[in-house]
Amino acid sequence: MNRRRTLLAVAEVAAWWVALGALWLVFVTVVDPLELAVGAGVAGAAALAARGARRAVAGR
């Protein structure tokens, strides 16, 4: 991968992470530090899965 493709991949995962993290915050009533850490981790894993699924559908 060249630098541009790497930067676009990181930006895509970051965008998914922010969107999924915000969605998680909408559904949580109390935000404790532990819940925030777990939510950030799960949103990160889901962001990677979303990027992989999008690439699979696009056939790349």
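1. Let's start with glutamate 12, which lies in helix 1. Please keep in mind throughout that this is a predicted model. Is glutamate 12 buried or exposed? Its relative accessible area is 15%, and under 20% counts as buried, so glutamate 12 is buried. Leaving aside neighbours within four places in sequence, glutamate 12 is in contact with Arg51 and Arg54. Arg51 is itself listed among the buried residues of helix 2.

2. Now to the rest of helix 1. Its buried residues are Ala9, Glu12, Val13 and Gly21. What covers these buried residues includes helix 2.

3. Helix 2 is made of 26 residues, and the distance from its first C-alpha to its last is 37 Å, close to the 38 Å expected at 1.5 Å a residue. Which residues of helix 2 are buried? They are Gly39, Ala43, Gly44, Ala47, Ala50 and Arg51. These buried residues pack against helix 1.

4. Next, the geometry of the pair. Two packed helices are described by the angle between their axes and the distance between the axes. Helix 1 covers residues 3-27 and helix 2 covers residues 33-58; they pack at an angle of about 130°, and their axes are 8 Å apart. Why is the pair called oblique rather than roughly antiparallel? Roughly antiparallel would need an angle over 145 degrees, so helix 1 and helix 2 are oblique to each other. Helix 1 passes helix 2 in a right-handed crossing. Sorted by class, the contact between helix 1 and helix 2 holds 14 nonpolar, three polar and six charged residues.

5. Tryptophan 24 is also found in helix 1. With a relative accessible area of 24%, tryptophan 24 is partly exposed. Not counting residues up to four places away in sequence, what does tryptophan 24 touch? The list is Glu35, Leu36 and Gly39, and Gly39 is one of the buried residues of helix 2. Between tryptophan 24 and leucine 36 there are 9.4 Å in space, C-alpha to C-alpha, at a sequence separation of 12 residues.

6. Leucine 25 lies in helix 1 too. Leucine 25 is partly exposed, with a relative accessible area of 41%. Setting aside neighbours within four places in sequence, leucine 25 has contacts with Val31 and Leu36. Leu36 is also on the contact list of tryptophan 24.

7. Finally, a word on leucine 48, which lies in helix 2. Its relative accessible area is 54%, so leucine 48 is exposed. How far from leucine 48 is tryptophan 16, C-alpha to C-alpha? The two are 32 residues apart along the chain, and their C-alpha atoms are separated by 8.1 Å. For leucine 25 and leucine 48, 23 residues apart in sequence, the C-alpha to C-alpha distance is 19 Å.

Definitions and conventions
Residues numbered from 1 in each chain as written. Predicted model: local features only at pLDDT ≥ 70, side-chain atom pairs only at ≥ 80, totals over all residues. Heavy atoms only, no water. Axes fitted to C-alpha atoms, helices over the stretch in contact; angles between N-to-C directions. Helix = DSSP H or I, 4+ residues; strand = E, 2+ residues; numbered from the N terminus. Parallel < 35°, antiparallel > 145°, perpendicular 65-115°, else oblique. Left-handed = near helix turned anticlockwise from the far one by under 90°. Nonpolar A, V, L, I, M, F, W, Y, C, P; charged D, E, K, R; others polar. Expected span 1.5 Å × (residues − 1). Buried < 20%, exposed > 50% of the residue type's maximum accessible area, 1.4 Å probe, protein only. Contact = heavy atoms within 4.5 Å.
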